[in-house]
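Thanks for coming. I will go through one model today, starting with a pair of helices and ending with a single residue.

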Amino acid sequence: MTATLVPSQQILTPQLEIAGGRRLAGELRVSGAKNSALVLMAASLLTTEQLRLRNVPPLTDIGGMADILISLGVATSHNGDTLEMDGSGLSQSSPPYELVNSLRASFFCIGPLLARLGIARVPLPGGCQIGTRPVVEHVKGLKALGAQVTIEHGVVSAVVPGRSHRLRGGRIHLDCPSVGATETLMMAAALAEGETVIENAALEPEVVDLAGLLLAMGAKVRGAGTPTITIVGVERLHGADYAVIPDRIEAGTFLLAAAITRSCLTVAPVVTDHLGAVLTKLEEVGCRLEIDGTNVTISADTIQAVDLRTQPFPGFPTDLQAPFMSLLATANGNSVVTENIFENRLQHVAELQRMGAAIRTQGNTAFIEGVPRLSGAPVQGSDLRASAAMVLAGLAADGITTVQGLEYLDRGYADFEGKLNAVGASIRRLG
Ligand code: UD1
């Protein structure tokens, strides 16, 4: 099939144009974890001293979170991948809706604001493309710590009654191990009076990273990474200098870029314990992995079908479900993928079908019959990880693929096309 490149002057919507079918080779560097950096930034609200975060990825979501902190009175300055935040001027308890609206992670502010000021008014983050994303567990936990919480006109208002305006420790049992609720409650409990126990806490590495930062700020936290986290509140937290963990989802996406193009790539730095379920699945489909410290070298030729189910950590991460499905669309044999975390996270299936993938869905399960070759097509990424999945599919497809939905991609991948082009991909940003 011959394909014609689109003249760039005709492009109105920003998109990536991928010339597929190239082998990749070389080393890909992984940036700091978006999901860690966002919550660690919110922790700057907990102290009057300076917080310096290193290894912060250059993403639009990070800029959005910085804008929210600035609106609350935090002074921020950025130098390369280092971000300094000074919360001594914290003066507002209510970030404006226009800033919060586009960034779900903005809700992280509620815990630290309440802990530090005794009052917080944060607009509900709302749903998004992948599901409704409730905050019931966050609110229930804040109430258990003594806050009075009301939700009216789309705004969550929380106040700590009494003269001290200080939260008090309590026992919280999460009905589901929500990552965001666990993190919100850890930050709130860090300055509360007395001991807080969070049961059925999320085990994700980003939760452990937050505990690492809180410890560096003088908090008393133990058990992060297990289902029971205990926090003994302190009166004040101090500043810290802390490096964000590498992004396990970006690392997994790069490993999948090697697998889908049947290439050999080294991806670093990778904390392999953060990616256990993904590395196991890559081996099951036939990839060879060599691990040397934080370097993972992957090589792939034939890819076999495999079944997978998304689960909370340490299970297979929902954020890599779409990218892995792109790979399975090209595997030998039939795979079954079940999405267990979010109710609406199979929207990439229709786009992969446009590229010649043979996939049918039933509820939250996708039945994938591998095809020898995907074919390039114009496609749309419906959320951050679906956009990455489309780029991966484009790398493997015959001819030209154009991917729209870059506003999502740029939220979570730093210089995605630049990094992939440096190892041999052919991706142009248009529009
Ligand atoms: C975080 C990650 C996101 C990842 C997700 C699951 C950030 C900024 N985002 O999102 O990339 O996909 O973890 O690993 O860190 N739930 C409830 N009630 C609640 C809260 C959550 O039922 O009060 C449900 C959600 O609907 C969802 C599941 O719990 O089905 C997981 O959500 P949660 O762990 O809270 O995800 P986030 O923290 O929003």
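**Helices, burial and one threonine**

The crossing of H8 and H12 is right-handed, where right-handed means that the near helix is turned clockwise from the far one by less than a right angle, and left-handed means anticlockwise. Before going further: this is a predicted model, in which local features need pLDDT of at least 70, side-chain atom pairs count only at pLDDT 80 or more, and totals for chains, interfaces and linings use all residues. Residues are numbered from 1 along each chain as its sequence is written, and side-chain values use heavy atoms, with hydrogens and water left out.

Helices (H or I, at least four residues) and strands (E, at least two) are DSSP runs, numbered from the N terminus. H8 covers residues 248–260 and H12 covers residues 384–396; their axes come within 9 Å and cross at roughly 20°. That makes H8 roughly parallel to H12, the term for angles under 35 degrees. Axes here are lines fitted to C-alpha atoms, for helices over the stretch in contact, with angles from 0 to 180 degrees between N-to-C directions.

Which residues meet? From H8 there are Ile 249, Thr 253, Leu 256, Ala 257 and Ile 260, and from H12 there are Arg 385, Ala 388, Leu 392, Ala 393, Leu 395 and Ala 396. Contact means heavy atoms within 4.5 Å. By class, this contact has nine nonpolar residues, one polar and one charged. Nonpolar covers Ala, Val, Leu, Ile, Met, Phe, Trp, Tyr, Cys and Pro; charged covers Asp, Glu, Lys and Arg; the others, Gly among them, are polar.

Now the whole protein. It has 14 helices and 23 strands. Of its 431 residues, 56% count as buried, meaning under 20% relative accessible area with a 1.4 Å probe, protein chains only. Among contacts between residues at least 6 apart in sequence, 73% join residues at least 24 apart.

Next, helix H4, residues 110–117, which is mostly covered, with six of its eight residues buried. Those are Ile 110, Gly 111, Pro 112, Leu 113, Leu 114 and Ala 115. They pack against several elements, including helix H1 (34–42), strand E6 (119–123) and helix H6 (179–190). Just after H4, Gly 118 takes a positive phi of about 80°.

Last, Thr 230, which sits in strand E12, residues 228–232. Is Thr 230 buried or exposed? Thr 230 counts as buried, because its relative accessibility is 9%. Leaving aside neighbours within four places in sequence, Thr 230 is in contact with Glu 195, Thr 196, Val 197, Lys 220, Val 221 and Arg 222.

Conventions: Parallel < 35°, antiparallel > 145°, perpendicular 65-115°, else oblique. Buried < 20%, exposed > 50% of the residue type's maximum accessible area, 1.4 Å probe, protein only.
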